[in-house]
Amino acid sequence: MQRRSPTRRAFLGSSALAGAAWSACQAPAPESTADTASTGTLGSPVSRYGQRSPFENATRGVRTTLTPEAASSRTPLDETYGIITPSALHFERHHAGVPEIDPANHELMIHGLVERPMAFSLEDIKRLPSVSRVHFVECSGNSGGEWSPAGAPNVSLSHGLASCSEWTGVPLRILLEEAGVRPEAGWILAEGADACLMQRSITLEKAMDDGLVAYGQNGEAIRPEQGYPLRLILPGWEGNTNVKWLRRIKVTEGPQYVKDETSKYTELMEDGTAWIFTFEMDAKSVITRPSGGHSIGSPGFVEISGLAWSGRGKIARVEVSTDGGSSWSDAELQAPVYSRAFTRFRLPWEWDGAETVLLSRCQDETGYVQPTRALLIEERGTKSAYHCNRIKGWRVAADGSVTSAEV
Ligand SMILES: Nc1nc2c(c(=O)[nH]1)N[C@H]1C(S)=C(S)[C@@H](COP(=O)(O)O)O[C@H]1N2
Ligand SMILES: [Mo]
């Protein structure tokens, strides 16, 4: 019988690196018969809607805050590959639960400082020119625990309020132009159809630049948790402004100072003043494998892999340190690198079995470099809960176990 796995020789020949990888493994696989159980038996028939393998069990980490409805769930970033978050694992943040909306009864109203107030049905919106773009959504409260020296123990808890999808929809500019924005307009107010009528003020400049009214996520309709049937995507801007279940846009002269931009989502400074409308997410990176809770096993080859993203454009560079910050190496960035999207970075590593700390540091195309915790505190003090983007460290112990490092 023909073996389907590559022989040791073929594997070694493929590249020097693969050779190193292979030498870390114990021994070539025996002539396995593990696959014969399925080869002699007919498999399952076709299905209408696919499911993952019953052997896969990655789940969102669920944390109930005030009530089950006002809660968040986190993406297990260490259990996703590439740059796209599977829709079923996209993090969730709801202030009043997930409404069930029949698209046949849903409309998006555009009114206020416009020539022609309009109401768009889903059908109307889907007739208009569409675009698909890959963008992350990140809650500005993501990594809030990283203000403390050690931070959260695993990457789901430290960075899991961020996910990345391919969003399809109509540029908001097209809808606003249909309605005819009046010259005195400077902002818009976006409102969701959930029980709390989530609202945020957004600059007209951003709305016209790259705002997207999305109905598609990763090739199918947006999931209810992500705002079905319509959500606002404001690439790179804090998650809260990406209003889900979008039902109304009011064009206004100035911002409205609604509750979610005054009582929350502001940054308290040391002198007691607060920053408001801190929209852009600063560049951030984190090593997802290996990360807290993992065990590397025996010394030898380990690929270090992680994610980097910036609300200001493309990721230009990611450096990784495998010695607690004494030296840094450039990680390889997976192409294509999209603007305001997750960027996958990888670095081959030969672990010698000694205790060490792994770090990643990214830079975006504006030249901005991800800060250390000390630098971030120097700039912003310790009173703000949101927008923490400091460098994260993972300690690898001599037994191969990985925990969060104080950096
Ligand atoms: N209508 C509405 N939009 C909303 C929210 C909400 O509760 N209601 N939560 C916001 C917050 S705080 C975040 S971080 C993102 C989360 O998007 P996701 O649940 O698709 O990950 O949606 C934003 N849009
Ligand atoms: Mo959020």
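The side chain of Ser305 reaches the side chain of Arg344 in a polar contact of 2.8 Å, a polar contact being a pair of N or O atoms within 3.5 Å in which, within protein, one must be able to donate a hydrogen and the other to accept it, with residues adjacent in sequence counted only if both atoms are side-chain atoms. This is a predicted model, in which local features need pLDDT of at least 70, side-chain atom pairs count only at pLDDT 80 or more, and totals for chains, interfaces and linings use all residues. Residues are numbered from 1 along each chain as its sequence is written, chains are lettered from A and ligands numbered from 1 in the order in which they are written, and side-chain values use heavy atoms, with hydrogens and water left out.

Ser305 sits in strand β17 (residues 300–309); strands (E, at least two residues) and helices (H or I, at least four) are DSSP runs, numbered from the N terminus. With a relative accessible area of 7%, Ser305 is buried (buried is under 20%, exposed over 50%, partly exposed in between, with a 1.4 Å probe and protein chains only). Setting aside neighbours within four places in sequence, Ser305 has contacts (heavy atoms within 4.5 Å) with Ile287, Thr288, Arg289, Arg344, Phe345 and Arg346.

Glu166, in strand β7 (residues 162–171), is partly exposed at 30% relative accessibility. Beyond four places in sequence, Glu166 is in contact with several residues, including Ile84, Ser132, Arg133 and Gly219.

On to the rings: the structure has eight aromatic pairs, meaning rings of Phe, Tyr and Trp (its six-membered ring) with centres within 6.5 Å, where planes under 30 degrees apart are stacked, over 60 edge-to-face and the rest tilted. One of them joins Trp187 and Phe279, with centres 6.4 Å apart and planes at 55°, so this pair is tilted. Trp187 belongs to strand β8 (residues 187–192) and Phe279 to the loop between β15 (274–275) and β16 (284–289), so the pair ties together parts 92 residues apart in sequence. Both partners are buried, Trp187 at 16% and Phe279 at 8%. Ring pairs also link these two with Trp237, Tyr257 and Phe277 in a cluster. Two lysines lie over ring faces: Lys126 over Tyr215, 5.4 Å from the ring centre, and Lys392 over Trp394, at 4.7 Å. Such a charge has NZ of Lys or CZ of Arg within 6 Å of the ring centre and within 35 degrees of the ring normal.

Around ligand 1 there are 20 residues, of which Phe91, His95, Asp194, Arg231 and Lys244 come nearest. Oxygen atoms of ligand 1 lie 2.6 Å from a polar side-chain atom of Lys244, 3.0 Å from a backbone N or O atom of Arg93 and 3.3 Å from a polar side-chain atom of His90. The protein covers 100% of the 530 Å² of accessible area that ligand 1 has on its own.

Helix α6 (residues 172–179) has Leu172, Ile174, Leu175, Leu176 and Ala179 as its buried residues. Gly180, with a positive phi near 80°, follows α6.

Overall, the protein has nine helices and 24 strands, and 49% of its 407 residues are buried. Among contacts between residues at least 6 apart in sequence, 71% join residues at least 24 apart.

Notes
A residue is near a molecule or strand if one of its heavy atoms lies within 4 Å of it. Accessible areas come from the Shrake-Rupley method with a 1.4 Å probe; for residues, only the protein chains shown count as cover.
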